[in-house]
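This briefing is meant for someone meeting the structure for the first time. It begins with a single residue and its surroundings, then turns to other topics.

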Amino acid sequence: MNWTAISVTFQLATLTALILLIIGLPLAYWLSFSQWRWKFLVESVVALPLVLPPTVLGFYILVAIGPRSPLGRLYTSVVGHPLPFTFEGLLFASVLYSLPFAVQPFATAFDQVDRRLVEASWTLGVSRLRTFFKLIVPLSVAGLVTGFVLSFAHTLGEFGVVLMVGGNIEGETRTVSIDIYDEVQSLNYAAASKTALFLLIISYAVLLVVYAMNRRVWGLRRWEEPPSDYRAPATP
């Protein structure tokens, strides 16, 4: 197996998941709590990578960060080299490509938080930021874990966007999916099979973590919270 490609892939997936956790939480909070009537426009943009072909998304990202674009010229002037076909460019593309896999579970979890608890916290004078970290986040742990892990797992299997934006540079942008493709093209099915099996096991383990943690979190909540039709026994 190509351990260099595996290392690049895990670095990319970890950084992508962490960045999406940082930028996805405030975005999901706004989508969940905002009363703006046109917020569906933002929701559609966030969900666009789900339906857009990866090669199309990769092409537009490549154009957006190219040396002729404002972003590309700014990056080149600061860093000294172009953004496309680098690990940084690949990370930028991965964040955009996996954005809905983090934001949507985050927003769904926030939607399930009882608004009466949030409003009570605000009424008691607790700031919105403190309410978010002390009330909303603890009640949304399952969704936050799901979004983080799904964005990590989704990045592991990227192919189209990786090939368009990062190319196939050994030790820099060559990921596991690209390595498997190259081995198949070279008719080296034994090596491709080993790498594919390794990726399959990792992906399955990641999903096991998601389902296990969700079951544990919601199981604890069901045990701690009485049912809606529960009536406390009358005191003698």
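In this predicted model, the side chain of E158 makes a polar contact with the side chain of S94, at 3.0 Å. E158 lies in the loop that runs between α9 (141-156) and α10 (160-166), and the residue is buried although it has no salt bridge.

**Around E158**

- Leaving aside residues up to four places away in sequence, E158 touches S94, Y97, S98, T175 and S177, and S94 is also the residue whose side chain takes part in the polar contact with the side chain of E158.
- The nearest side chain of opposite charge to E158 belongs to R174, and that side chain is 15 Å away; a salt bridge requires a side-chain nitrogen of Lys or Arg within 4 Å of a carboxyl oxygen of Asp or Glu.

**Salt bridges**

- Five salt bridges are found in the structure, and R174 takes part in one with D179, where the closest N and O atoms are 3.4 Å apart.
- R174 also forms a salt bridge with D182, with the closest N and O atoms 3.0 Å apart, and salt bridges that share partners join E170, R174, D179 and D182 into one network.
- R174 counts as buried because its relative accessible area is 17%, which is under the 20% limit used for that class.
- D179, its partner in one of these bridges, is likewise classed as buried, because its relative accessibility is 3%.
- Another salt bridge links R115 with D111, whose closest N and O atoms are 3.8 Å apart.
- R115 is partly exposed, with a relative accessibility of 27%, and D111 is also partly exposed, with a relative accessible area of 45%; both classes follow because partly exposed covers the range between the 20% limit for buried and the 50% limit for exposed.

**Helix α11**

- Helix α11, made of residues 176-185, is mostly covered, since seven of its ten residues are buried.
- The buried residues of α11 are V176, S177, I178, D179, I180, D182 and E183; among them, D179 and D182 each form a salt bridge with R174, while S177 is one of the residues that E158 touches.
- After α11 comes L187, which has a positive phi near 65°.

**The protein as a whole**

- Taken along the principal axes, the C-alpha atoms fill a box of roughly 80 × 45 × 30 Å.
- Of the 236 residues in the protein, 40% count as buried, and the protein exposes about 13900 Å², of which carbon and sulfur atoms supply 67%.
- Among contacts between residues at least 6 apart in sequence, 72% join residues that are at least 24 apart.

How values were computed: Residues are numbered from 1 along each chain as its sequence is written. This is a predicted model: local features need pLDDT of at least 70, side-chain atom pairs count only at pLDDT 80 or more; totals for chains, interfaces and linings use all residues. Side-chain values use heavy atoms; hydrogens and water are left out. Helices (H or I, at least four residues) and strands (E, at least two) are DSSP runs, numbered from the N terminus. Buried means under 20% relative accessible area, exposed over 50%, partly exposed in between (1.4 Å probe, protein chains only). Lys and Arg count as positive and Asp and Glu as negative; His and the chain ends are not counted. A polar contact is a pair of N or O atoms within 3.5 Å; within protein, one must be able to donate a hydrogen and the other to accept it, and residues adjacent in sequence count only if both atoms are side-chain atoms. Contact means heavy atoms within 4.5 Å. Accessible areas come from the Shrake-Rupley method with a 1.4 Å probe; for residues, only the protein chains shown count as cover.
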